[in-house]
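Reader: I am new to this structure and would like a friendly tour. Could you show it to me?

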Amino acid sequence: MHHADDVPALALEAVTRVHGAGHAAVRVLGPLALTVARGEFVAIMGPSGAGKSTLLSLAGALDRPTEGCVRVFGRDLAGLSRAELAALRRRTIGYVFQELNLLPGLTALENVALPLELDGSPVREARAEAQEALVRLGLGALGARFPVDLSGGEQQRVALARAFVGTRSLLLADEPTGALDSLTGELVMRQLRARCDAGHSAVLVTHDASHAAWADRVVSLRDGCVVEHATAGATRGSGGPRR
Amino acid sequence: MTIRQSLLALLATEPTHGYGLKTHFEAQTAGTWPLNIGQVYTTLARLERDGLVEAVPADDDGPRQTWRITGAGQVALASWFAVPIALDPPARDELAVKVLLAVAADREDVLAILDRQRAATLDQLQRWTRQKAEADPERELPWLLVLDALVLRAEAELAWLARCEARLAARRRS
């Protein structure tokens, strides 16, 4: 799919999400505006219940906003049919869930190749690309294993590899590094950074500041809204070594 | 400070002259703590006085005195490596003092103070992370390890700020 350069990868415009109705209504998100440019890597942080996962579900068309508009590469998700949304998820959005949703009956390689095959890629090509994605995440030797034979951290990386393959250029990842040791987490962040430097876009929900720091921009949520900190400005102290 | 032990550790690897000790120390600690050459010479003099290093007799009249570690120096060095460093509270932690006083005074802008600090610390964390991204893990291992230490401390500070916010929120609800 070709996107005009000035169209953001993701735009949430005056979005709110309310659960329940009447007296029981609870606003879990918004009003909120967020734009992610092409090639931009944005991290979302904030305490539990601040609305991080809700935001990501709206961006990934897994949920609909109560008010406002969500656009992915300029297309208003509210105007898309189910078939168009499914195609968007296969071709444009890579989503990594907290629950990884790997298919237990398929090997790691088959799991990663699946979205490509569903989208019509010949099996051999799909598996070659899937293998490449596994190698980049340090899993080149584990493609033949079934999810049950992988550690939690390995399963997370398989889920990431599955979100990386194909033409998808907007990655939405919800705590994809929770089960990773610190060096493996860094490997994943290097991959994400490299993808965004190559023009892809990513939104990462994380509790881990050292992972969020790989992003171009860190957005903090509190009570469903973006925390507007006046930019940090001048700081006291030297800020440590520089080279 | 640890200049004594650092010089012993360097001399245990190979006999070196004073200026070499300065350059080796700075290379192996990624230039994080520059050494004053005067400090190196006064420390060497004290180490010699204490019998932990000795001057290597010169074959020629080279301009630089080479030093080597003694048996007593090896023992002192081994005990330094063997004993862990105590985690003392920082002498004067300005951030902690600022937050504690803001909480005690029940200032309305406590959350804003926390937010500004978080933004500043995140900025710094992002700068160090970019430097990590650019560092070569093979050739620049000391530098990467220094950055890891800085990143983890920044992370601890951010976790503490989040904890402050959570405790303040819990107090507001009760």
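Reader: How do α5(B) and α7(B) lie relative to each other, parallel or perpendicular?
Author: The model is predicted, so local features need pLDDT of at least 70 and side-chain atom pairs count only at pLDDT 80 or more, while totals for chains, interfaces and linings use all residues. Residues are numbered from 1 along each chain as its sequence is written, chains are lettered from A and ligands numbered from 1 in the order in which they are written, and side-chain values use heavy atoms, with hydrogens and water left out. Helix α5 (residues 94-104) and helix α7 (residues 141-173) of chain B have axes that come within 12 Å and cross at roughly 10 degrees (axes are lines fitted to C-alpha atoms, for helices over the stretch in contact, and angles run from 0 to 180 degrees between N-to-C directions; helices are DSSP runs of H or I with at least four residues, strands runs of E with at least two, numbered from the N terminus). Angles under 35 degrees count as roughly parallel, over 145 as roughly antiparallel, 65 to 115 as roughly perpendicular and the rest as oblique, so α5(B) and α7(B) are roughly parallel.

Reader: Which residues of α5(B) make the contact with α7(B)?
Author: Contact means heavy atoms within 4.5 Å. On the α7(B) side, the residues are B:Glu157, B:Trp160, B:Cys164, B:Leu168 and B:Arg171. From α5(B) come B:Leu95, B:Ala96, B:Val99 and B:Val103.

Reader: What angle do α1(B) and α2(B) make?
Author: Here helix α1 (residues 3-13) and helix α2 (residues 18-28) of chain B pack with their axes 10 Å apart. α1(B) is therefore roughly perpendicular to α2(B). The contact includes B:Leu7 and B:Leu10 of α1(B) together with B:Leu21 and B:Phe25 of α2(B). The angle is about 100 degrees.

Reader: How much area do chain A and chain B bury between them?
Author: Buried area is the accessible area (1.4 Å probe) that two parts lose on being put together, summed over both. The contact takes 25 residues from chain A and 28 residues from chain B. Of the buried area, 54% is on carbon and sulfur atoms, and the total is about 2,100 Å².

Reader: Which residue of chain B forms a salt bridge with A:Glu186?
Author: A salt bridge is a side-chain nitrogen of Lys or Arg within 4 Å of a carboxyl oxygen of Asp or Glu. Between chain A and chain B the count is three. In the one with A:Glu186, the closest N and O atoms are 2.9 Å apart, and the partner is B:Lys132.

Reader: Which element gives the largest share of the side of chain A that touches chain B?
Author: α6 (182-197), α7 (209-212) and β9 (217-222) of chain A each supply at least two residues of that side. The largest share is four residues, and they come from β9(A).

Reader: What separates A:Arg136 and A:Glu132 along their helix?
Author: Their side chains meet in a salt bridge (3.6 Å, N to O). A:Arg136 and A:Glu132 are four residues apart in helix α4 (residues 123-136) of chain A, so what separates them is about one helical turn.

Reader: Where is A:Ala61?
Author: A:Ala61 has a positive phi of about 60 degrees although it is not a glycine. Its place is in the loop between α1 (52-59) and β4 (67-72) of chain A.
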